[in-house]
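Try each task before reading its solution.

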Amino acid sequence: MTDQTATDYPEKIRKHFSTVYQQTPLIVRSPGRVNLIGEHTDYNMGFVLPAAINKAIYLGIQKREDNEMHFVSFDMDDFYQTDLQNITRSGKLWPDYILGVVEQFRKAGAEFTGFNIVFGGDIPFGAGLSSSAALECASGFAFNELFTFRFDRRQIALMGQAAENQFVGVNCGIMDQFASVFGKKQNLIRLDCRSLEYEYIPFNDNDIEIVLFDTQVKHSLASSAYNDRRAQCEKGVSLIKQQHPEVQSLRDATEEMLLKHVKPADEETYRRCHYVVSEIQRLLDGCEDLKKDDLRAFGKRMFETHAGLRDLYEVSCPELDHLVNLVKDQPAVLGARMMGGGFGGCTINLVEKESVHALIQDVTSGYKALSGKDVQVYVANIQDGTSRVES
Ligand code: GLA
C-alpha cells in the first residue's frame, strides 16, 4: 500500500542512456518536496516550511559534438529533440521545463554546446509534490556540473522558478525549487521568501511519520485559480498602499490594515488576504511550537491552515476535505491539511508511527466510500536536496 524509494533509478537511467546514446552520463538527483505549514505565502513574500523528500527526479546528461539537444523521458517513453538555435515551447510540456532552464542560463550568460538527456523518477505527476520543480532543478544542477558554469544553489533555484514563470507560464513562487535544491536530511527549511534567508529546523522525530494521502485528482481549475489568487493578493496590497505606501506585499500588511482598507472595498479580496496574513503568523507560531518540541500544538495549526484554505482562500476541493475530515478526530493524527496549490493533489498528515498502518486502512476505505476513488499513500521521509549521484 505504501511505496518504497526507487533506489534503482540511477542504474536504470545509466543503462538507458548508454543504450540510446552510447555514452556514460553524469547523473543528478533532485527531490520533490512537502510543506508542513505556510501555504500560498511564498509569492506574498512570507515564510514557508518545506522539506525535500525521498522521491526524486534522476537526470542523466552528457555533451554532444553538435548544437542539438536530445531529451528522453524514461517513464513516459517519450523523446524530444531540438537545437540551441530553437529554444521555443515544445508543445508537449515536459520538455519545456528543461528548455526553460536552458533559456534562463543563457540569459545569465552561460554558453552551451549540444547535450543529451535521459530522466525519470518516482515523484508522481500532478500530486502536488513538485515534480516540475524537481525537473527544473535537476536540469539546472546538471548543466552547472556538465559545463562547469559555477552558478550557486540559490541561482539554480531562482532560474528554475523563472523558467516556470516565463517559459512554462505558471506564476509560481520560489518554495518548490528552493526546497528541492536546499533540502537537508531530517530538517525542515524555514525560508523567508522575501530575503531568501533560511534556517534549518531539525525534524527528527522517531515517533512521527509524514503521511501523504493523494486524492488522485487534479481539477482543471488549478492553474487559473492559482493565478487568480495571486492577483487578488496584489489587489489587496494595492488597496492598502494608497494609505500606506511602504506596504510592498501582504508580508507587510496587518489585520488592522485589511479591515480598514480592503474589507470595505471588496469582501472576497479581504478573505483571501486575511487568510494569507494569518497564515504567515501561523507559520511563525508553528516554528515556536517546533522549538518547544510541541508537535501537538503544531498539528493543531495545520488543521487551522486547512480550514483557512478551504473557507477563506477557497483552494480546497471535496476530495481534499474528505481526506482531512477522515483523520481529524483520530488521536494518532497530530495535524493534517491540504498541501500545495490546491484543487487536488495530496494532504499532509503527521501521524504517530505505531498507528500509521491502521490509519492507512481506515482512510483507504473511508475515501473510497466518500468519493468512489482510490487513495494513494506515500510515507515521506526528509532527504537531502539536489546532488550529483556518484556511480
Ligand atoms: C505551488 C507553487 C508554490 C506555492 C504553493 C502554494 O506549489 O508552485 O510556489 O505557491 O503552490 O503554497
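The exercises below use a predicted model.

**Exercise 1. Two helices**

Task: Work out how helix 6 and helix 8 are oriented to each other.

Solution: 
- Step 1. Locate helix 6 at residues 222–241 and helix 8 at residues 267–291.
- Step 2. Take their axes: these come within 9 Å and cross at roughly 95°.
- Step 3. Angles of 65 to 115 degrees count as roughly perpendicular. Helix 6 and helix 8 are therefore roughly perpendicular to each other.
- Step 4. List who meets whom. Helix 6 brings Arg229, Gln232, Cys233, Lys235 and Gly236. These meet Glu268, Thr269, Arg272, Cys273 and Val276 of helix 8.
- Step 5. Sort that contact by class: four charged, three polar and three nonpolar residues.

**Exercise 2. Asn35**

Task: Decide whether Asn35 counts as buried or exposed, then find what it touches.

Solution: 
- Step 1. Find Asn35 in strand 1, residues 26–35.
- Step 2. Buried means under 20% relative accessible area. Asn35 has 0% relative accessibility, so it counts as buried.
- Step 3. Leave out residues up to four places away in sequence. Asn35 then touches Val48, Leu49, Pro50, Met175, Arg337, Met339 and Ile348.
- Step 4. Check the side chain. One of its polar atoms lies 2.9 Å from the backbone oxygen of Gly38.

**Exercise 3. The ligand**

Solution: 
- Step 1. Look at side chains. A polar side-chain atom of Glu39 lies 2.6 Å from a ligand oxygen atom. For Asp42, a polar side-chain atom also lies 2.6 Å from an oxygen atom of the ligand.
- Step 2. Turn to the backbone. In His40, a backbone N or O atom lies 2.6 Å from an oxygen atom of the ligand.

Key
Residues numbered from 1 in each chain as written. Predicted model: local features only at pLDDT ≥ 70, side-chain atom pairs only at ≥ 80, totals over all residues. Heavy atoms only, no water. Axes fitted to C-alpha atoms, helices over the stretch in contact; angles between N-to-C directions. Helix = DSSP H or I, 4+ residues; strand = E, 2+ residues; numbered from the N terminus. Parallel < 35°, antiparallel > 145°, perpendicular 65-115°, else oblique. Contact = heavy atoms within 4.5 Å. Nonpolar A, V, L, I, M, F, W, Y, C, P; charged D, E, K, R; others polar. Buried < 20%, exposed > 50% of the residue type's maximum accessible area, 1.4 Å probe, protein only. Polar contact = N/O pair within 3.5 Å; in protein donor to acceptor, adjacent residues only side chain to side chain.
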